[in-house]
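These are my notes from one pass through a single model.

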Amino acid sequence: MKSIPQKVVHLAMLSIFIFFLFSCSKDTDLLLDSVLNDPGVSVEEKNGTQEVPADEEGFVFRTFTFSATNDAYIQDDAGHDKSIVRLQEDYRTSYLMFDLSEINGPITNAVLQFSIDSDEGDGSIAIHKGQDTEWSEENLTINNAPGLQNQLASINKEYKVGSPEKVTLDATNLKAEITSLVMVHSTGNDLAFASKEHPDNKGPKLTVTYKAPEGSPLIEQQEEEEEEEDTNQEDDTNQEEDQNNTASTEGAYYVTTSGKSSNNGLSEATAWNIEEAFDRAVAGDVVYIKAGNYGSKELVVDNSGTASKPIKFIGYTNSPGDLVSTEGSTFNYGDQLDLNKMPLIYGNSNLEKIGLSIPENYIEIENLQISNYWIGVFARGNNVSIKNIISTNLGEQEFDNSQTGKGFQIYGNQSLIENCFILNANSEGINIKGADNCLVKNCKVFSDNTKNMTGYYILLSEGATNNTIEGCELYRNPAGDATIKPHQGHGYVLKDRATNNTVRNSKATNTGIEANFSGVYDNTFENIEIVGSFSTYPGQYSPSIRVLNGSHDNLFQNISVVDSPYGIAFVDFDDGFEGAGGDRDKKEGGHNNKFINIQVDKAKNCVAGTSAEVGAAAFSNNNEFVNCSFNDITGVPLFSRQTIRDTQFINCSFSNIASSTLTQGFAGGSFSASFKDCSFTNVGFAEPSQ
């Protein structure tokens, strides 16, 4: 018998080993892919354990999807447990916890899943294993937050709202134990993802594959918890149906101008009237409101929805779903209100009426026209969604200096105002009053009434915190009636203890941005275009960046200002305001604010200080300008009626300035500044030392 060389035997054995290794790896990958990518099965349905044979006899590979047991984020050293989890470079860090203790074998694969919600962004996210698990979403603070251990993964991309993200983790650092994950964001725009409390159950998941003895117990604890939760939800639903037996929580209801309270509302032929719908709709109901003139109504939502079953009121033209707004309202400037396109309520200029009141929670209103009221929408409920609402002619339209009309007054937390259009609200367009975590997105607030113009366009006030204004546009007609001196108009305004808010990717025409009072700090204004008409209408003073009355430590970046009286102004005026929480009117402009990549073209002054106080009684300190440019300036570049000191200009450019003086004080004021790596082109003054 011919013998087989030993080298050939070794080679054959090696080939068999590689084959089994590859097969094993391929099987586990296919198992993991089937769990993550099966389009016909929801994540919740996949939570049951799935398995394939392992390479070793008596063992199997099992895959199970764990839901987070805790998820929260740190901001300002405090924990926040919301329906979304936020990430922001050097400001917000997120923490997740998963209970992997029932896993009975080594972990071979792990994929973290989360769904972008409410706030899209971009940049790098590093995912670390946390050093400990001595925290919960209820007690998380900077003091007990877990430190960073091993980095398990990182991703760098754009994160779009609704996008489900999947990140493969380094499984070698994961064990069968309660595990903390720490998510750190850097080099990009902030973002948010759904937490486990999100109404659509899109919270973080961790899909784990592990090697377990064949026949060993399956993981069942999480499934039992979900069954118990479903039972509780059924109990809650039954209680709601018992307490609100005037309407079913199933199906849709209809409203028409000819509807009656005695109808069942189940079709257009048997539609409710509009008051009946707002009285009777309960959690889970969808009410479709057909286009038409519903008259001078004061609508009030009488019941609350729930996180999983909001109450929805949706306007339509001819059939439900035929009116959809995306990235802006279906109403454009220049359009007329059209009762044949969308439902309309019309208040007949009654300055004591509110068009729509929303005192309840989890309410969604879409596609409605509201005109000639004192207030268009007044919302005190939390988790309210207002979408494609057109509100016009709020308050007195003839000049009487009353400043009474208001578009939207929003007091509820986690509210969404999207794709709305407000025209000629003579006092306020949109005001987020003391609310947290609201989003104003793709809205327009315009004023073209030359007699009684809008005073405040989009305003965050009374302690409004962690809100975002994004993709919005403001417009003020500059041709006001000079004989009555109409309100100069305040654009994107943060005042009265507004902190940690963001205004971005927006535009203002003939108005600008403001941070006002000493309780206003740690806010961000970014990617904003301000366009004025100062060269044509020299009485227009608001199309600028204005920091007033002691506002401090705010960030302004990537902002252009064109045709303005001054690009940036530090302003003091005595209005006697004494707010709570340290927010008050001080004899100051603003301090420790940072301006990055600000471009000022065609202005009278680059930076100015104005004051109601004569001379040096008011002051502004330690403001910094980095990578800013100032071009075509007609007056003194740095001009002040107050004391401005310790101002720094770093890598800034000044060009096309005829003034023979760089800085000038007026009426006792002064402007002191230092310059580093700055350039001066075609200027009439002597270059300062650097």
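Entry 1, aromatic cluster. The model is a predicted one. I began with the rings and found one aromatic cluster formed by Phe 525, Phe 556, Phe 570, Phe 595, Phe 625, Phe 630, Phe 649, Phe 654, Phe 675, Phe 680 and Phe 685.

I then looked up the pair count, which comes to 27 aromatic pairs. I picked out Tyr 95 and Trp 135, whose ring centres are 6.1 Å apart. The planes of Tyr 95 and Trp 135 stand at 65°, so I logged the pair as edge-to-face. The angle had to be over 60 degrees for that label. Which parts of the chain does the pair link? Tyr 95 is in strand β6, residues 92-99, while Trp 135 is in the loop between β8 and β9, and the two are 40 residues apart. I checked the accessibility of both partners. Tyr 95 has a relative accessible area of 7% and is buried. Trp 135 has 4% relative accessibility and counts as buried too, because the limit is under 20%.

Is Arg 92 buried or exposed? With a relative accessible area of 3%, Arg 92 is buried. I looked for a partner and found the side chain of Gln 75, which makes a polar contact of 2.5 Å with the side chain of Arg 92.

I looked up a lysine next. Lys 205 has its place in strand β13, and its relative accessible area of 6% makes it buried. What joins the side chains of Lys 205 and Ser 67? I noted a polar contact of 2.9 Å between the two side chains.

Asn 139 has a relative accessible area of 40%, so I put it down as partly exposed. The side chain of Asn 139 reaches the backbone nitrogen of Ser 136 at 2.8 Å.

The loop I checked here runs between β13 (205-213) and α2 (221-243), and Leu 218 is found in it. Leu 218 is partly exposed, at a relative accessible area of 42%. How far is the C-alpha atom of Leu 218 separated from that of Arg 62? The distance is 8.9 Å, and the two residues are 156 residues apart along the chain.

Entry 7, charges over rings. I recorded two cases. The charged end of Lys 211 sits over the ring of Phe 59, at 5.4 Å from the ring centre. The charged end of Arg 380 sits over the ring of Tyr 411, at 4.0 Å from the ring centre.

The largest cavity holds about 30 Å³ of space. I listed its lining as Phe 278, Ile 289, Phe 313, Ile 314, Gly 315, Pro 343, Ile 365, Glu 366, Asn 367 and Leu 368. By class, the lining divides into seven nonpolar residues, two polar and one charged. Which strands each supply at least two residues of the lining? They are β18 (311-316) and β20 (363-379). β20 gives the most, with four residues.

I ended with two backbone angles. Gln 414 is not a glycine, yet its phi is positive, near 55°. Gln 414 has its place in the loop between β22 (406-410) and β23 (416-418), and at 23% relative accessibility it counts as partly exposed. Asp 522, likewise not a glycine, has a positive phi of about 55°. Asp 522 lies in the loop between β33 (513-516) and β34 (524-531). With 33% relative accessibility, Asp 522 counts as partly exposed.

Note on methods: Residues are numbered from 1 along each chain as its sequence is written. This is a predicted model: local features need pLDDT of at least 70, side-chain atom pairs count only at pLDDT 80 or more; totals for chains, interfaces and linings use all residues. Side-chain values use heavy atoms; hydrogens and water are left out. Buried means under 20% relative accessible area, exposed over 50%, partly exposed in between (1.4 Å probe, protein chains only). A polar contact is a pair of N or O atoms within 3.5 Å; within protein, one must be able to donate a hydrogen and the other to accept it, and residues adjacent in sequence count only if both atoms are side-chain atoms. On a 1 Å grid over the protein atoms alone, a cavity is a set of points where a 1.4 Å probe fits but cannot get out, and a pocket is an open set with protein on both sides within 12 Å along at least five of seven lines; lining residues have an atom within 4 Å of a point. Grid points are joined across faces, edges and corners, and a volume is the space filled by probe spheres set on the points. Ala, Val, Leu, Ile, Met, Phe, Trp, Tyr, Cys and Pro count as nonpolar, Asp, Glu, Lys and Arg as charged, and the others, Gly among them, as polar. Rings of Phe, Tyr and Trp (its six-membered ring) pair if their centres lie within 6.5 Å; planes under 30 degrees apart count as stacked, over 60 as edge-to-face and the rest as tilted. A charge sits over a ring if NZ of Lys or CZ of Arg is within 6 Å of the ring centre and within 35 degrees of the ring normal.
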